Amino acid sequence: MICCCNKMDATTPKYSKSRYEEIVKEVSSYIKKVRYNPDKIPFVPISGFELVTKIDRRSGKEIEKEPKFLKNGDADIIKMLPTKPMVVETFSEYPPLGRFAVRDMRQTVAVGVIKAVEKKDPSASKITRSALKKK
């Protein structure tokens, strides 16, 4: 179970630690009555209006906005820029072309699905010399 404390942006100052601790204390008493251990339940401050609150589901701690690396078991949305042209599609449109694996030194280091694709304009690509001669 994870307890989310909503409207934490409405406190003064926003995401006030004292207000958060007050809510945790009050909710913990209710949780004890229904026989849960509040020490094992992560309490997460959230807001329905502001996108803060990326939270690690296992620990309930806030995740860095731009982490330098991901550890085994971590998940994130990343933007990949291929060095050469690739034929890919979003997973929702065409699953066989919507998966990827990243390999380094003969080991798979990342796997995932493609959420979005920024397609290049084919008319803006380089024109070869032979194609120019034909014109």
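In this predicted model, E118 is exposed, with a relative accessible area of 66%. E118 forms a salt bridge with K79, and the closest N and O atoms of the pair lie 3.4 Å apart. K79 is located in the loop between β2 (43-45) and β3, and E118 in the loop between β4 and α2 (129-134), so the contact ties together parts that are 39 residues apart in sequence. K79 is likewise exposed, at a relative accessible area of 62%.

**Overall architecture**

- The protein contains two helices and four strands.
- Read from the N terminus, its elements follow the order β-α-β-β-β-α.
- Of the 135 residues in the protein, 16% are buried.
- The accessible surface amounts to about 12600 Å², and carbon and sulfur atoms account for 55% of that surface.

**Salt bridges**

- Side chains of opposite charge can pair when their charged atoms come close.
- Two salt bridges are found when the whole structure is searched.
- One of them is the pairing of K79 with E118 described above.
- Another salt bridge joins the side chains of R19 and E22, with an N to O distance of 3.2 Å.
- R19 and E22 both belong to helix α1 (residues 17-33); because they are three residues apart there, about one helical turn separates them.
- E22 has a relative accessibility of 43% and therefore counts as partly exposed.
- R19 is also classed as partly exposed, its relative accessibility being 36%.

- Strand β3 covers residues 99-104, and strand β4 covers residues 107-113; the two strands run antiparallel and are joined by six bridges.
- Within this pairing, V102 is positioned opposite A110 of β4.
- The two strands form a hairpin that leaves two residues between them.
- M105, located in the turn, has a positive phi of about 55 degrees.
- β3 is hardly covered, as the number of buried residues among its six residues is zero.
- In a regular strand, side chains alternate between the two faces of the sheet.

**Buried loop residues**

- T90 is situated in the loop between β2 and β3.
- T90 counts as buried because its relative accessibility is 9%, and the cut-off for burial is under 20%.
- When neighbours within four places in sequence are left aside, the contacts of T90 are G98, I114, K115, A116 and V117.
- S16 and P45 are 29 residues apart along the chain, and their C-alpha atoms are separated by 9.7 Å.

**Nonpolar surface patch**

- A nonpolar patch on the surface is formed by M1, V34 and Y36, which together have about 330 Å² of accessible area.
- V34, one of the residues in this patch, is placed in the loop between α1 and β2.
- V34 counts as exposed because its relative accessibility is 55%.

How values were computed: Residues are numbered from 1 along each chain as its sequence is written. This is a predicted model: local features need pLDDT of at least 70, side-chain atom pairs count only at pLDDT 80 or more; totals for chains, interfaces and linings use all residues. Side-chain values use heavy atoms; hydrogens and water are left out. Buried means under 20% relative accessible area, exposed over 50%, partly exposed in between (1.4 Å probe, protein chains only). Two strands pair if DSSP finds at least two bridges between them. A salt bridge is a side-chain nitrogen of Lys or Arg within 4 Å of a carboxyl oxygen of Asp or Glu. Contact means heavy atoms within 4.5 Å. Patches are made of residues with over 30% relative accessible area and no salt bridge: like charges are joined within 9 Å, nonpolar side chains (Val, Leu, Ile, Met, Phe, Trp, Tyr) within 5 Å. Accessible areas come from the Shrake-Rupley method with a 1.4 Å probe; for residues, only the protein chains shown count as cover.
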